[in-house]
There are 2 protein chains.
Amino acid sequence: MAKRTGNGPATAESMATKQRDISVSEFFLKNRHLLGFDSPRRALLTAVKEAVDNSLDACEEAGVLPEIAVELEQIADSRFRVTVTDNGPGIVKNQIPKIFAKLLYGSKFHRLRMSRGQQGIGISAAGMYGQLTTGASTRILSRIKGAKKAHAMAVQIDTKQNKPAILSDTEQDWRPTFQAVNAAGEPDGPPVVSKHGTSVSIDMEAAYQRAKQSVDEFLKQCAIVNPHLTLHYRLALQTKAEPAAAKPEITAITYHRAVKEMPKIPDEILPHPHGVELGLLMQMLKDSESRTVRSALAHDFSRVSDQTAQDVCTRAGIDPKTNPTRIAHHESEALYKAIQDTKLMRPPTDCLSPIGEEQILAGLQKEIAADFFTAVTREPAVYRGNPFQVEIGIAFARPQENEGVGAEEPVRVLRFANRVPLLYQAGACAMTRAVIGVNWKSYGLSQPKDALPIGPVVVLVHLASVWVPFTSESKDAIASYAEIIDELTLALQECGRRLSVFLHKRERQLEAARKRSYMELYIPHLALGLKNILGLTDKEEHKVVGNLKKMLEKTHLDL
Amino acid sequence: MAKRTGNGPATAESMATKQRDISVSEFFLKNRHLLGFDSPRRALLTAVKEAVDNSLDACEEAGVLPEIAVELEQIADSRFRVTVTDNGPGIVKNQIPKIFAKLLYGSKFHRLRMSRGQQGIGISAAGMYGQLTTGASTRILSRIKGAKKAHAMAVQIDTKQNKPAILSDTEQDWRPTFQAVNAAGEPDGPPVVSKHGTSVSIDMEAAYQRAKQSVDEFLKQCAIVNPHLTLHYRLALQTKAEPAAAKPEITAITYHRAVKEMPKIPDEILPHPHGVELGLLMQMLKDSESRTVRSALAHDFSRVSDQTAQDVCTRAGIDPKTNPTRIAHHESEALYKAIQDTKLMRPPTDCLSPIGEEQILAGLQKEIAADFFTAVTREPAVYRGNPFQVEIGIAFARPQENEGVGAEEPVRVLRFANRVPLLYQAGACAMTRAVIGVNWKSYGLSQPKDALPIGPVVVLVHLASVWVPFTSESKDAIASYAEIIDELTLALQECGRRLSVFLHKRERQLEAARKRSYMELYIPHLALGLKNILGLTDKEEHKVVGNLKKMLEKTHLDL
C-alpha cells in the first residue's frame with residue numbers, strides 16, 4: 001500500500017479496478033454502532049443482551065425452565081469479561097464455531113415464529129467486538145443432554161471472509177452451576193447443577209455504569225417480563241484502592257422465578273399470501289416443490305385451502321395444473337392480483353406468545369408503587385403479512401416511592417419487543433411515537449406539543465411478532481409501520497380511558513375532601529350559634545358537633 | 001415444506017439441523033426498512049437519493065461538472081419508473097451487474113475519503129426493492145469515454161446467493177441527453193448531449209407526495225449544497241380523469257449550476273494509529289507487506305514517520321526489525337499501548353471537502369427570506385480515527401415569507417451529511433440532539449425542556465467525514481459519537497452567540513422605536529404648553545415640534 005494513493009481525476013477504467021466485495025463482517029465492523037457497539041458502556045449492555053436472548057430462546061425451545069447466570073468481571077481499567085451461562089439444551093459441536101463466529105447464521109431468520117433473536121448476528125457481533133478491542137477469542141463451553149463431556153472451544157471471526165477460525169477445541173468435565181444469593185448477596189442454599197447447558201465468555205473494551213440504560217436495568221426488566229426465569233447476576237468491579245491490596249467490589253443478586261409454567265411455545269407458521277409481494281411470490285413459485293400452481297398455493301402458504309387455491313387460479317385465468325416453475329411474468333402478476341382480491345382469513349396467531357394482561361399487571365405491581373394499574377392485550381393484527389400483537393400496561397405511581405417518576409416529569413415508557421427490554425433509541429421508536437401521538441389531555445394528563453405527556457405514570461409497551469421490524473441491527477427501536485402505530489394507539493387509548501376514570505374519581509374525591517375540611521372548620525361555630533339560640537347544654541352542643549361531622553362524612557361518602 | 005412444522009420441545013440435535021446461512025440480500029430484503037424502503041413514499045425518495053448520490057460521486061471523481069436528470073413516471077396506480085441519468089464517466093461493462101445487483105460491493109467502502117456513497121448497498125437495494133414489488137429488472141445504459149456504443153443491460157439480484165443475474169446484454173447507440181426547462185416548465189435552449197454517462201431505470205411500488213420528505217424537497221436541498229450541479233427534474237403523474245383520454249400531469253424544473261468550479265477532490269488517506277483498535281492493529285500487521293514492524297508502522301498508517309515508528313517500537317520493547325506477521329498477542333498489546341502513549345499529529349484533513357462558510361451563506365440567502373444569516377465551518381476533528389468536519393448555518397427568517405418557519409414553531413433544522421440532504425429520522429440524529437442540547441435561552445430564543453428551541457430560525461447542519469456513522473443503512477441520521485456532538489455544539493454555540501447579538505440589537509431597536517412613538521405622542525402637547533407659557537407664534541410652535549422630533553430621532557440613533 002502506498003503512503004498516499006493517486007488523486008487525479010478517475011476514468012471508468014481506473015474506477016473499475018477499485019471495485020471490491022465487502023464482507024458482511026467488515027461492513028458491521030466498520031458500522032459497529034448499527035449493532036449497538038458504539039460506546040464501551042453500550043457495548044457491555046449489548047453483549048449481555050445478545051447472550052441472554054440466545055439463552056432464553058434456547059431454553060424455551062427445548063422446553064427447559066430457564067436458569068441463567070450473568071457475570072461481569074472487570075479485568076482492566078476499561079476491560080470486562082462477560083460470561084453468560086444457561087441450563088439450555090447445549091449446542092452440537094460442529095455448530096459452535098458458526099453460531100459464535102459468523103455473522104448472518106442461525107435458525108431463527110427463515111422461520112415465521114416469535115423469538116427474541118431473529119437475525120443471526122448478535123452473539124457473533126459481540127465476539128467480533130471483543131476480538132477487535134482486546135484481540136481475545138470468544139470461549140464457549142457447551143454440554144448437550146446425555147453427553148459425557150462438554151465441548152470447550154475458542155473461536156474468532158475471520159472478518160475478511162466472515163468465517164469462523166477455531167483456536168482451540170477440547171473436551172472437559174463441566175456442568176453449568178448456579179448459585180442463588182440472598183438480599184445481602186450471600187449464598188442462599190446449595191448450588192443448582194444442570195446436566196446440560198452453554199456458557200459463553202467474551203473479553204471486551206467496556207465501561208460499567210449504574211442506573212439508566214445499565215445492565216442492571218436490563219436484567220431487572222428482563223425478570224419482569226419473563227416471570228418463568230431464574231436469573232443470577234454478579235458484578236465484580238476493580239476498586240480504586242492500592243492495586244496490590246485491592247479486592248474486587250462484588251455485587252450479586254438473584255431474581256427468582258415467580259411462575260413454574262413455561263410460556264406457550266409459539267408455533268411456526270407459513271407466509272400469509274396477503275403479505276407476500278409480487279417478487280417474492282415469483283420466487284416462491286420458482287422454488288416450490290409442488291407440481292401444480294394450485295397445490296403450491298395450498299401448501300406453501302397459510303390460510304389457503306385447496307378450494308381457495310382453485311378460485312385464485314380461476315380468477316387469474318391460469319390453469320390450476322400449470323407447473324409453478326413455468327409461470328410467466330404476466331401470469332404471476334395476474335396471480336398476485338387475484339390473491340389480493342381474494343378474501344382470506346387473517347394469519348394464524350399461535351405463532352405469538354404475548355405476556356398477557358394478568359402477568360403485565362403482576363409485573364408492574366411487583367416493581368412499581370402505584371395507586372392505579374391497568375393492562376390491555378390487543379387481539380393479533382398483521383403488518384406486511386407478519387402477525388403481531390400489542391400489549392400496554394399503565395401504572396399511576398406515587399412519585400416519592402419510585403425512581404424516575406415525577407409529577408412534573410414526562411411519563412416513563414418501558415419498551416419491550418418479544419419480551420426483551422429496549423433501553424436505547426427511545427426517540428426513534430414507534431412505541432414512543434405512539435405514546436406521543438395519543439391526546440392525553442382528554443384523559444386528564446397535561447401534554448406539551450409533540451411530546452410525552454407529563455405525570456407520575458409508567459407506561460409498559462410490549463410488541464410480540466414473528467418478525468419485529470427493528471430500526472437497526474442493534475434492535476433498540478421499532479420501525480413506524482402504520483399498522484403497528486394504529487394498534488399501539490388503540491391499546492394506549494383504552495388504557496387512557498381507564499386512567500381517565502381513575503383520575504376523574506380521584507379528582508372528585510380530592511375535591512370532596514377539600515370541601516369537607518372547609519365545612520369542618522365551621523361546625524364548631526355553627527354549634528356555638530345553635531347553643532346560644534336554643535340554650536343547649538355543653539353536652540348537647542358536643543352532640544350537635546358529632547352529628548354534623550357524621551352528616552358531613554356521609555355526604556362525603558355519597559359524593 | 002410441510003403445511004405446519006413440528007412444534008414439540010427441541011433438542012440440541014434437532015436445533016442443529018435448522019441452522020442455516022443467511023444471505024445478506026435475504027437479510028436486507030426482510031429488513032428493507034433498514035435501507036429506507038418501508039413505505040411506498042419513502043421508497044421513491046430512497047431510490048432517487050441512492051442514484052443521485054452515485055451519479056454525483058462518479059462525476060466528481062472523474063472531474064466532470066455534474067449534469068443529472070431525474071425522471072419519475074407513474075406507470076400504474078401505485079407504481080413508478082425512476083430513471084436517473086448522468087454525464088459521468090460511465091461504467092465498464094463487466095462491473096455493471098455487480099454494481100447494480102449485488103449488495104456490499106463497491107469502491108468506496110475500503111478507502112478513507114469523503115464521498116456520498118460508502119456502503120456498496122444503496123443502488124442494488126433500490127433494484128432489489130423494485131424486483132420484489134414489481135418483478136421487473138434494473139435497466140442500465142452506460143457509455144464510457146471514447147466508446148463507440150453504450151452497453152444496455154437488464155439485471156436482477158439472486159437474493160439467495162447475493163449475486164447478479166443478467167437478463168439482457170446488448171450494445172446501443174446512446175448518449176445522455178439533458179433538456180433544461182424554464183420557469184413555466186417549457187424547453188429552455190437546445191438539449192445538452194454528453195459523450196459519456198450512465199442511466200439507471202427501476203420500476204417499483206411507490207407513492208408520490210409533495211412537501212415534507214418528498215423527492216422535490218430532497219432535490220431542492222441537493223441543489224443548495226451542490227452549487228456546481230445542474231439538475232433536471234421531471235415528474236409525470238397519472239391524472240384521475242377518464243383513463244383512455246388521460247394525459248399525464250407533467251411538472252418539470254431545472255436547477256442551474258451557480259458555480260463552474262468543482263469542489264476540491266478530497267484525498268484518500270491511510271488509517272490514523274489512534275483510531276485503530278488492538279484487534280485491527282493485529283490484523284493490519286498480519287496483512288502488512290512490509291518486512292519489519294518499523295516500516296509497517298511508517299507505511300500503513302498516516303502521521304507515523306520512520307523516527308516515530310522507531311520510538312514506538314522502543315517504547316513497546318519490540319525489535320523494530322521483527323517481521324510484522326510474527327508479532328505475538330502480548331507484543332501487539334505492548335505496541336498498541338505504546339501507540340496510544342505517543343503524541344501524533346492529527347489525521348490529515350485533505351480527505352474532506354467541506355461546503356465552506358461562504359457557500360453556506362449563499363445557499364441560505366438564495367432559499368430563505370431572512371433578516372440575519374451566519375455560518376461557521378469548524379476545523380476538522382477526529383472520531384474513532386476518522387477525520388470529520390462540522391458546519392452550521394443559521395438564518396433568522398421572516399415567518400410570513402418562508403414555508404415551514406413560524407415565530408411560535410420549533411426551529412427548522414436542515415441536515416446534510418457529505419453534501420447529501422437527510423430527510424428522515426430527525427429524532428434519532430446527533431444533529432437534532434446537538435441542537436436540542438444547546439441552551440438557546442441564553443441566546444434569546446425560548447426553549448421547552450428537552451426540545452428544539454422556538455422561533456423563526458432555520459439551522460443548516462453539515463457533517464463531512466471519510467466515514468459518516470449513520471444510525472442505519474438507510475443513511476438518514478448520524479450516530480451520537482461524543483466527539484461529533486461536541487463539535488456540533490461548539491459550532492452551534494458560536495452561531496448562537498452571533499444570533500444573540502443580532503436579536504439583542506433588534507430588541508433594543510424595537511424598544512427604542514416603542515419609546516420614540518410614545519414620546520412622539522407628547523411632543524404636540526409639550527409644544528402647546530411652551531406656546532402658552534412663552535407666548536410663541538404658531539410658526540415658532542411648529543419649529544419647536546420639528547426640533548423636538550429631530551432630537552428624538554438623534555437620541556434613537558444613539559441608542
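Reader: Which domains does the domain assignment give for chain A?
Author: Domain 1 (24–255), domain 2 (273–341), domain 3 (357–500) and domain 4 (504–558). The bounds come from an automatic or database domain assignment. The C-alpha centres of domain 3 of chain A and domain 4 of chain A lie 45 Å apart. This is a predicted model: local features need pLDDT of at least 70, side-chain atom pairs count only at pLDDT 80 or more, and totals for chains, interfaces and linings use all residues. Residues are numbered from 1 along each chain as its sequence is written, with chains lettered from A and ligands numbered from 1 in the order in which they are written.

Reader: What makes the relation of chain A to chain B that of a two-fold axis?
Author: A rotation of 180° with 0.1 Å of shift along its axis superposes chain A on chain B, with RMSD 0.2 Å. That is the relation of a two-fold axis. The same surface serves both copies, as 99% of the contact residues of chain A recur in chain B.

Reader: How many residues does the contact take from each chain?
Author: Chain A gives 73 residues and chain B gives 72 residues. Two residues are in contact if their C-beta atoms, placed from the backbone, lie within 7 Å.

Reader: What makes strand β1 of chain A a partner of strand β4 of chain B?
Author: Two strands pair if DSSP finds at least two bridges between them. Two bridges join β1 (residues 20–21) of chain A to β4 (residues 105–106) of chain B, so they pair; they run antiparallel. A:Asp21 has B:Tyr105 as its bridge partner in β4(B). Strands here are DSSP runs of E, at least two residues; helices are runs of H or I, at least four.

Reader: Why is β16(B) called largely enclosed?
Author: Five of the six residues of β16(B) are buried, so the rest of the structure largely encloses this strand. Buried means that 20 or more other C-beta atoms lie within 10 Å of the residue's own; 12 or fewer is exposed, in between is partly exposed, and C-beta atoms are placed from the backbone.

Reader: Which strands does β16(B) pair with?
Author: Six bridges join β16(B) to β18(B), running parallel. Three bridges join β16(B) to β17 (residues 420–422) of chain B, running antiparallel. B:Phe416 stands opposite B:Pro421 in β17(B).

Reader: How do you know that helix α7 of chain B is mostly covered?
Author: Seven of the 10 residues of α7 (278–287) are buried. Among them are B:Leu278, B:Gly279 and B:Leu285. The cover includes α5 (122–134) of chain A, together with α8 (293–300) and α10 (329–341) of chain B.

Definitions and conventions: Least-squares fit on C-alpha atoms with pLDDT ≥ 70 in both.
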